[in-house]
Amino acid sequence: TICYIYTSGTTGLPKAAVITNRRWMGGALLFGLTMFQASTRDILYLPLPLYHSNAAIIGMGTSLVTGCAIALRRKFSSSQFWSDVRKYDASLFIYIGELCRYLLNAPKTPDERNHRLRLAVGNGLRPDIWEAFQRRFGVPLVREFYAATEGNQPIFNFEGRPGMLGRLRPGQEIVRCDEASGEIIRDAKGMCTPAKGGEKGILLIHINPLFKFDGYVDAKASAGKVVSDVFKRGDRYFNSGDILQIHEDKWVSFADRIGDTFRWKGENVSTNEVAEVLNGADGVLETNVYGVSVPGSEGRAGMASISANGEFDIGKLGQFVLSKLPAYQRPYFVRLQQSGDMRVTGTFKHQKVAYRDEGYDPSKVQDPLFFLDGDRYVPIDEGLFKKLQSGELRV
């Protein structure tokens, strides 16, 4: 063991993943030589926290195995990003989560196209901003990948195909499951069923001597991530906990994370899918979607915490929602935040648990709250909140 790296804990408590020397060096070689194709002529701009595996393994590892230099920033800054890239003459950049969205939402600067960045590598770049990011900043190639710190085999998008994680390789399987609970659906013989083209399912990755699962410090947590008897008796697979959609030629895209999907009106609602739609509304900079409990109703109703700029109009959002989303996917509650106020983890992933707990209660939330009453959003005050709680006003 070389170190422990904690998972983000967005849907539960963080867990200490075991990073062995073999895992660390394998990741460093894989990304440094294939994804980055780095050399001593390159400079990698690294504005990520070093306790994240993208920085500790991929970033530092790329430098150590290829000889490229690193320009290390203590904390990511959207306002200083391009001046830093210019200052250090960076040719490579590694991203996570919403960093590219923050850059796209930032005011234009003279330096944003005056650079020699040739490649950005990372994960979590949403398809709604991928091409806009490349066009505005003149970054020739973006290579997305899918991986978990504790996972045993990544997925790569070498071709820079927007919105895709890459293509499935041998041992990587998408199997049918209940999207809300994450429970894997088994057939009459107790085996898993592969998802077909266009379908969504949970990603499982075969555990074998080449692609080991080193697990967590907590043995019980490790056992909970292993699925047995998937396609034959005795086989073992790593359960990613992520819902992916399979496309032609085994290309896959991210759909949602187990624990983020919720049920409403008898339908599964993907928070990721709804957020991508809402991000297309005028004035919306960033969206965090989650389900909230409503007394007297089964499941959870959709709620969106929205970070917006001066172009945002709540009246227009109502029209947008009605025209773009079916009834079961619509956010019936909206929490309006100022730009930069969205709560994220130290690794820039949206916090959901606290938002769910606060819900649409005006005594707990200082931000403006709205309820979709028919075809328009109306402000939530104490009176309206009590009507929702008592069932006098139905969702």
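Me: What do the buried residues of α8 pack against?

Reply: In this predicted model, the buried residues of α8 pack against α7 (271–278) and against the strands β18, β19, β20 and β21. Helix α8 itself, residues 314–324, lies across β18, β19, β20 (369–373) and β21, and runs at about 140° to β21.

Me: Which residues of α8 are called buried, and what makes them so?

Reply: They are Ile314, Leu317, Gly318, Phe320 and Val321. A residue is called buried when its relative accessible area is under 20%, so each of these five falls below that cut-off.

Me: Why do the buried residues of α8 line one face of the helix?

Reply: Seen down the axis of α8, the buried residues fall within an arc of 165°, and therefore they line one face. The face of α8 turned away from the buried side carries Lys316, Gln319 and Ser323, which are exposed, and exposed means over 50% relative accessible area.

Me: What makes Asp313 a cap of α8?

Reply: A side-chain oxygen of Asp313 lies 2.7 Å from the backbone nitrogen of Gly315, at the N-terminal end of the helix.

Me: Why are β17 and β21 said to stand at the edges of their sheet?

Reply: The open sheet has 5 strands in the order β17-β18-β19-β20-β21, with mixed pairing. Each of β17 (284–292) and β21 (376–379) has a single partner strand, so one side of each is left without a neighbour in the sheet.

Me: Which residues touch the most other members of the largest nonpolar core?

Reply: Of its 43 residues, Ile306, Leu317, Phe333, Tyr360, Phe371 and Val395 touch the most other members. The largest share of this core, 5 residues, comes from β18. Leaving aside neighbours within four places in sequence, the residues in contact with Ile306 include Val284, Phe312, Leu317 and Met342, where contact means heavy atoms within 4.5 Å.

Definitions and conventions: Residues are numbered from 1 along each chain as its sequence is written. This is a predicted model: local features need pLDDT of at least 70, side-chain atom pairs count only at pLDDT 80 or more; totals for chains, interfaces and linings use all residues. Side-chain values use heavy atoms; hydrogens and water are left out. Two strands pair if DSSP finds at least two bridges between them. Helices (H or I, at least four residues) and strands (E, at least two) are DSSP runs, numbered from the N terminus. Axes are lines fitted to C-alpha atoms, for helices over the stretch in contact, and angles run from 0 to 180 degrees between N-to-C directions. A nonpolar core is a set of buried Ala, Val, Leu, Ile, Met, Phe, Trp, Tyr and Cys residues joined through side-chain atoms within 4.5 Å. Buried means under 20% relative accessible area, exposed over 50%, partly exposed in between (1.4 Å probe, protein chains only). The arc is that of the directions from the helix axis to the C-beta atoms. A polar contact is a pair of N or O atoms within 3.5 Å; within protein, one must be able to donate a hydrogen and the other to accept it, and residues adjacent in sequence count only if both atoms are side-chain atoms.
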